[in-house]
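Q: I am new to this structure and would like a friendly guide. Please give me a close look at one part, a place where two elements of the chain meet, and then show me what lies further along.

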Amino acid sequence: MRHLERKEASAIAVQLAEKLLPLFDAESSRLQEVSISLFRDLVEAVVGKDRRSMKKEVQRGVLPLFFHTQDRTDSVSEASREALFAAADFLKWKELKALVEPQQTWRTVERSLVWDRRRAEEYMEQSLPYLNNAQAILREAAIRFIGITARRLGNRNEKLQDICDALLPLVNDADPSVQSLAAQTLLILGTQRKQSASRWSLRTLCCWLWRGRER
């Protein structure tokens with residue numbers, strides 16, 4: 001009977017986890033803390049075949065949890081670290097556990113989150129809303145993450161223009177640190193765009209000349 005109850009609870013946990021993710025960014029810090037802590041409990045409660053379904057929700061929760069480890073509200077920051085550690089354990093993602101450490105560096109972030117192209121693209125999309133977060137520290141974290149990810153994707157990044165457009169308003173952000181970081185990141189990405197365009201133009205020219213020879 002107890003085993004049956006555990007299985008039923010496991011199935012419910014997956015459904016609840018999906019509903020909790022948007023609440024990580026709620027306006028109320030208390031609601032954030034409770035939602036993140038409950039998410040951690042749900043991750044730890046899942047068993048059997050439900051783990052496959054939960055895996056998708058846990059992967060979606062990784063980046064928001066990472067950003068909120070830097071939250072200005074200590075209780076939210078601590079809850080996020082605990083939940084991120086539980087997520088790393090669930091996913092058997094050893095490198096992810098390093099992000100829980102207070103002394104983690106952005107090089108650790110690059111090794112942990114953006115080494116895989118598909119994953120990097122997904123996290124890039126997920127990070128964009130944080131550019132408009134009310135907390136300057138989270139806007140700054142989003143800019144840093146986007147800069148690292150865009151450089152990692154290099155010339156294969158088809159959404160570079162969209163990323164630059166999203167970053168541009170932050171050059172006039174109310175926080176000087178955000179302003180400066182946005183300007184630096186745009187400068188780097190702008191250079192990357194020009195290099196990409198130059199390579200594309202050269203390839204186009206070579207193809208045109210080759211076709212001319214064939215005629």
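A: Nine helices and zero strands are found in the chain (both are DSSP runs numbered from the N terminus, helices being H or I with at least four residues and strands E with at least two). This is a predicted model, in which local features need pLDDT of at least 70, side-chain atom pairs count only at pLDDT 80 or more, and totals for chains, interfaces and linings use all residues. Residues are numbered from 1 along each chain as its sequence is written, and side-chain values use heavy atoms, with hydrogens and water left out.

The part to look at closely is the meeting of helix 5 (residues 106-113) and helix 7 (residues 136-153), whose axes come within 11 Å and cross at roughly 55 degrees. Such axes are lines fitted to C-alpha atoms, for helices over the stretch in contact, and the angles run from 0 to 180 degrees between N-to-C directions. Helix 5 and helix 7 are therefore oblique to each other (under 35 degrees counts as roughly parallel, over 145 as roughly antiparallel, 65 to 115 as roughly perpendicular, and the rest as oblique). Their crossing is right-handed, meaning that the near helix is turned clockwise from the far one by less than a right angle.

Which residues make the contact between helix 5 and helix 7? Helix 5 brings Trp106, Val109, Glu110 and Leu113, while helix 7 brings Ala141, Arg144, Phe145, Ile148 and Arg152; contact means heavy atoms within 4.5 Å. Six of these residues are nonpolar, none is polar and three are charged (Ala, Val, Leu, Ile, Met, Phe, Trp, Tyr, Cys and Pro count as nonpolar, Asp, Glu, Lys and Arg as charged, and the others, Gly among them, as polar).

Further along, glycine 154 sits in the loop between helix 7 and helix 8 (160-167). With 16% relative accessibility, glycine 154 counts as buried (under 20% relative accessible area is buried, over 50% exposed, in between partly exposed, with a 1.4 Å probe and protein chains only). Its C-alpha atom is 9.3 Å from that of leucine 189, 35 residues apart along the chain.

The loop between helix 8 and helix 9 (176-214) holds aspartate 173, which counts as buried at 10% relative accessibility. Leaving aside neighbours within four places in sequence, aspartate 173 touches Arg139, Val178 and Gln179.
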